[in-house]
There are 2 protein chains.
Amino acid sequence: MLKRTHTCGDLTLDHVGQTVTLNGWVDSWRDFGGLVFIDVRDRYGLTQCVFEPEVGAELQAAARELRSEYVVAIRGVVAPRLPGKENPNLKTGSLEVRAKELEVLNATPTPPFEIKGAEANEELRLKYRYLDLRRPAMQQVFIIRHKMAQVMRNTMTAGGFLEIETPILGRSTPEGARDFLVPSRVHAGHFYALPQSPQLYKQVLMVAGFDRYFQIARCFRDEDLRANRQPEFTQLDIEMSFVEDEDVMTAMEPMVASMAQEFTGEAPTLPLPRFEYHDVMERYGNDRPDLRYGLELKDLADLATETEFKVFQLAIENGQRIRGICAPGAGLKYSRKDLDGLTEYSATFGTKGLVWLKVEEATLTGPTAKFFTPELQAKLRERFDAKPGDLILIVADSQAVTSQALTNLRTRLAGELKLYDPKSFHYSWVTRFPLLHWDAEEGRYAAEHHPFTMPLAEDLPLLETDPARVRAQAYDLVINGEEAAGGTIRCHDPKIQSKIFSLLGLTPEQAEEKFGFLLGALRNGAPPHGGIAFGFDRLVMLYAGLTNIRDCIAFPKTARGTDLMTGAPGGVDTRQLRELNIRLAD
Amino acid sequence: MLKRTHTCGDLTLDHVGQTVTLNGWVDSWRDFGGLVFIDVRDRYGLTQCVFEPEVGAELQAAARELRSEYVVAIRGVVAPRLPGKENPNLKTGSLEVRAKELEVLNATPTPPFEIKGAEANEELRLKYRYLDLRRPAMQQVFIIRHKMAQVMRNTMTAGGFLEIETPILGRSTPEGARDFLVPSRVHAGHFYALPQSPQLYKQVLMVAGFDRYFQIARCFRDEDLRANRQPEFTQLDIEMSFVEDEDVMTAMEPMVASMAQEFTGEAPTLPLPRFEYHDVMERYGNDRPDLRYGLELKDLADLATETEFKVFQLAIENGQRIRGICAPGAGLKYSRKDLDGLTEYSATFGTKGLVWLKVEEATLTGPTAKFFTPELQAKLRERFDAKPGDLILIVADSQAVTSQALTNLRTRLAGELKLYDPKSFHYSWVTRFPLLHWDAEEGRYAAEHHPFTMPLAEDLPLLETDPARVRAQAYDLVINGEEAAGGTIRCHDPKIQSKIFSLLGLTPEQAEEKFGFLLGALRNGAPPHGGIAFGFDRLVMLYAGLTNIRDCIAFPKTARGTDLMTGAPGGVDTRQLRELNIRLAD
């Protein structure tokens with residue numbers, strides 16, 4: 001084998017005159033004016049090789065037989081390209097290799113789709129994943145993925161965190177989603193479960209005194225796959241001892257800044273802004289608002305009492321909310337038809353109507369403008385700090401409907417009005433989520449995160465009097481309106497834990513049965529502790545500028561959980577099942 | 001919560017006079033001369049705190065109530081210890097914290113075993129793993145484990161390797177060991193398999209042009225667990241393109257040297273020595289010899305013909321081998337009883353006898369010495385370069401029995417005679433393993449590594465004439481007699497691959513059925529490629545100076561595959577099984 005001396009991205013004009021060998025794939029070939037041009041590609045780049053008549057008929061004929069994606073070794077001399085033939089879009093575009101020797105390392109049939117062509121349909125791409133991954137754009141994704149893991153591990157290690165591996169063959173625990181199960185051969189009728197997260201193990205590691213743990217961990221959920229969900233996914237999992245919520249956020253920020261610096265060339269100012277859950281729900285109708293633009297929701301209940309407008313009066317009588325947003329410039333830009341479209345769009349979130357008011361020089365106009373006196377119009381303008389040309393949109397409905405409709409209108413309008421640079425990044429923390437919510441169906445409270453979450457110290461008395469108002473020591477990192485990470489401080493105090501269990505409707509015996517060994521660990525010298533988990537695949541998607549999670553995973557599964565390349569899951573023979581003490585259901 | 005200002009390993013005499021807060025576990029407590037001493041421990045160290053009478057009766061009483069493993073916060077002032085009270089074995093042994101404030105962060109019942117006491121029995125340790133892992137010796141193991149992953153990742157990244165994650169939910173493939181299976185909920189009667197290694201995926205990644213891949217990967221084998229085997233284990237998995245065997249070994253050596261430097265303070269000279277399989281089998285009777293000592297095996301067939309000794313004559317007639325070793329000094333040290341012990345020991349490897357000869361000043365002595373003429377004795381002496389006081393041990397039997405008996409005698413004698421520093425490390429490559437061996441039972445050849453291994457180029461003609469003599473492009477890294485890593489160059493040439501399949505007794509159709517998608521990938525532009533895998537758990541064990549693999553894994557399983565802490569595997573309810581389309585066998 002003619003082994004490479006350089007990669008296809010290495011050569012520069014400094015190498016002119018040197019004899020080099022390249023190994024790679026034939027990216028393209030052309031026969032032009034008695035010259036045979038072969039572009040050779042590898043992970044590092046692409047270099048043009050040329051077989052001139054001087055090399056003889058035999059070698060030229062061999063070069064003419066090369067086809068796309070043949071694996072070749074070419075030895076030759078580096079030369080500058082002829083003037084005017086340079087390719088400024090290519091790293092090696094100023095030179096070529098004048099070939100002297102050729103070895104075909106592997107021939108290949110015509111690929112089912114062109115590597116450098118337009119993107120093939122996804123089914124074909126997944127089936128021939130080895131060809132799909134050969135596309136330079138895909139290789140870039142996995143270079144980003146590698147670098148992201150490096151940045152995470154280096155910053156975590158610098159922060160005194162130890163990476164510790166936790167088991168994949170674990171025990172089924174009631175964590176919400178459905179477990180993947182693995183039948184045990186030795187223990188008939190018993191099953192391992194693949195972990196939905198290393199949650200319980202990482203808490204145990206804190207009890208064990210490891211102080212600061214992290215792991216880039218594989219997690220599994222046997223759920224029906226929505227778009228952008230995978231049955232196995234990766235998270236950066238973290239846990240710390242002797243901390244409160246603010247400590248965890250502070251400890252994470254250098255890593256977040258390093259990632260931003262690495263992948264966007266710009267680190268956010270630290271500390272990142274913190275917003276309380278109740279505040280962002282009020283201002284943006286959403287617990288993970290995209291803060292690259294304003295368009296804040298405003299409460300209009302006080303102003304609504306000043307109009308005869310029936311819709312508002314009814315809403316007030318029913319204890320509903322009247323809220324709105326003001327979109328700058330949209331009054332000029334949106335036609336009547338566009339506004340009907342917005343009304344329809346808001347209806348998909350349950351609204352029964354959408355009040356719109358265009359802001360003119362002196363007045364507000366629109367079908368319902370007549371219900372607003374000039375004084376009230378002035379107050380509305382002032383509430384939104386509205387300028388002529390703006391558009392005010394108002395919804396009167398329940399808390400949930402006004403939030404959902406307005407947060408979605410907000411996102412849509414910001415996009416349509418280009419209110420932000422889609423390549424920009426905004427990072428913030430949302431904190432103090434509710435600890436519990438009332439589950440009317442079950443007639444008990446349910447945990448908002450998980451049942452081991454610690455209440456905010458100042459809210460502890462509310463556990464007795466008004467549990468739904470207790471705020472948790474919980475925090476999410478939001479990037480551009482996506483939940484990039486989420487975590488909580490855990491409850492290490494047995495008395496508080498018992499109180500929470502009873503609110504969740506669990507007797508101490510039931511709690512023991514459900515959460516067995518973790519409670520044992522917590523009783524045996526648990527330090528105050530808490531953690532967080534970052535969605536690794538999602539961060540790759542964000543920084544690679546992608547929208548399909550399957551493009552961020554080397555060997556992903558379809559929405560039906562199939563690996564089209566290997567055919568997994570597959571059939572197995574009955575001997576295997578017999579050994580595992582199971583049978584197929586009839 | 002009184003949050004720590006320093007860890008329990010931070011303080012030095014430079015901090016004297018400063019008010020500090022420590023968080024940690026009560027390591028020990030004593031009440032002495034009106035003073036209450038509390039040693040507080042965390043992952044970073046241990047610091048003595050003292051509650052003096054000046055702090056008041058109430059605080060002293062609270063300190064007196066502390067017990068082992070309580071989680072505490074103590075605030076106080078750093079002071080030098082009284083002269084004569086320093087503890088030079090402790091990093092913080094020259095100082096103490098004069099406590100002013102105490103907060104009990106968590107009380108705990110008396111632990112089932114003492115954290116700083118002697119090691120408890122393993123069952124108890126595994127059940128209360130959170131306490132077992134709290135022992136500083138165990139924490140050191142996981143610090144080593146973390147650092148090892150760091151060294152590997154940093155050297156791999158510096159070498160241009162990309163870490164790429166491959167699926168855990170894969171397809172069952174015929175790789176030798178038994179697969180763990182995961183029933184699919186969506187595809188009734190179909191199963192995922194947990195990977196025994198990422199072998200097929202990493203080859204696919206080479207076809208995809210990733211050029212240099214690595215992954216610290218979890219692997220699974222549902223085998224009966226011998227000592228020091230775990231159902232899930234970790235390996236550093238590597239694959240490279242456009243390489244031959246020598247290239248892979250060369251590429252790995254900087255990482256091996258970095259590990260050695262990090263964990264032993266001394267890097268081996270590079271390149272590491274390379275030995276051919278046939279050579280080490282001849283010289284040490286073993287394909288992973290411990291080269292920290294000599295004690296080489298010598299062939300004595302030629303000398304054996306010169307004696308009337310029946311055992312040797314019979315062996316020669318039967319085409320068997322006559323081989324021996326010479327243990328320096330053992331002639332003086334070993335009694336008749338010891339020698340009987342060695343004879344018995346060698347019998348466990350199938351020998352029917354063990355010839356021993358003590359090397360005296362002028363002669364050899366021993367029960368069979370009379371069969372050796374003075375000339376022959378002189379030749380034997382010379383063959384072994386034996387000195388007076390040495391002991392010659394000879395076995396006449398088959399190749400396999402002489403190898404096994406003598407390699408084990410060699411190891412035992414080197415240990416008993418202290419022929420090497422047990423803390424020293426020796427690194428070497430063993431190369432050119434046989435590609436195939438004849439499987440008499442099946443009436444065909446069987447692959448020594450896996451069926452995709454590439455033969456040595458110079459041995460290709462032997463595929464036609466004498467397949468058992470074909471050497472593979474295979475290489476193992478041996479450290480102190482342990483296989484630390486093993487790999488091969490893969491067969492990317494369809495013609496050679498077909499030939500190997502036919503030797504393995506597979507028709508093209510059977511090969512396609514068995515190895516389906518990998519063959520498809522190999523046909524679609526596979527570059528020459530090969531790789532290697534390092535046993536990660538084993539390397540931790542080696543460098544941490546441990547002998548039990550369970551001590552190197554945070555949450556290991558017993559020999560019966562049970563996690564004693566969580567109780568995995570556990571029962572599941574029938575609803576779960578119904579969803580998975582399986583039933584328990586009756």
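This is a predicted model: local features need pLDDT of at least 70, side-chain atom pairs count only at pLDDT 80 or more; totals for chains, interfaces and linings use all residues.
View 1. Beyond its neighbours within four places in sequence, His449(A) is in contact with Phe433(A), Ala474(A), Asp476(A) and Thr488(A). His449(A) counts as partly exposed because its relative accessibility is 34%. In the unreviewed UniProt entry, the feature "binding site" is placed at Glu175(A), Arg221(A), His449(A) and Arg490(A).

**View 2. Arg490(A) and its polar contact with Thr488(A).** Arg490(A), another position that the UniProt record lists under "binding site", is found in the loop between β21 (482-489) and α15 (494-503) of chain A. With a relative accessible area of 3%, Arg490(A) is buried. The side chains of Arg490(A) and Thr488(A) are joined by a polar contact of 2.7 Å. Thr488(A) is also among the contacts of His449(A).

**View 3. Strand β10 of chain A and its buried residues.** Strand β10 spans residues 232-241, and because 10 of its 10 residues are buried, it is largely enclosed by the rest of the structure. Glu232(A), Thr234(A), Leu236(A), Ile238(A) and Met240(A) point one way from the strand, while Phe233(A), Gln235(A), Asp237(A), Glu239(A) and Ser241(A) point the other way.

**View 4. Pairing of β10(A) with β9 and β22 of chain A.** Strand β9 (residues 212-220) runs antiparallel to β10(A) and is joined to it by 9 bridges; Ala217(A) stands opposite Gln235(A). Strand β22 (residues 529-535) also pairs with β10(A) in the antiparallel sense, over 7 bridges, with Gly531(A) opposite Glu239(A).

Notes
Residues are numbered from 1 along each chain as its sequence is written. Chains are lettered from A and ligands numbered from 1 in the order in which they are written. Side-chain values use heavy atoms; hydrogens and water are left out. UniProt positions are given in the numbering used here, feature names are shortened, and annotations may be inferred rather than shown by experiment. Buried means under 20% relative accessible area, exposed over 50%, partly exposed in between (1.4 Å probe, protein chains only). Contact means heavy atoms within 4.5 Å. Helices (H or I, at least four residues) and strands (E, at least two) are DSSP runs, numbered from the N terminus. A polar contact is a pair of N or O atoms within 3.5 Å; within protein, one must be able to donate a hydrogen and the other to accept it, and residues adjacent in sequence count only if both atoms are side-chain atoms. Two strands pair if DSSP finds at least two bridges between them.
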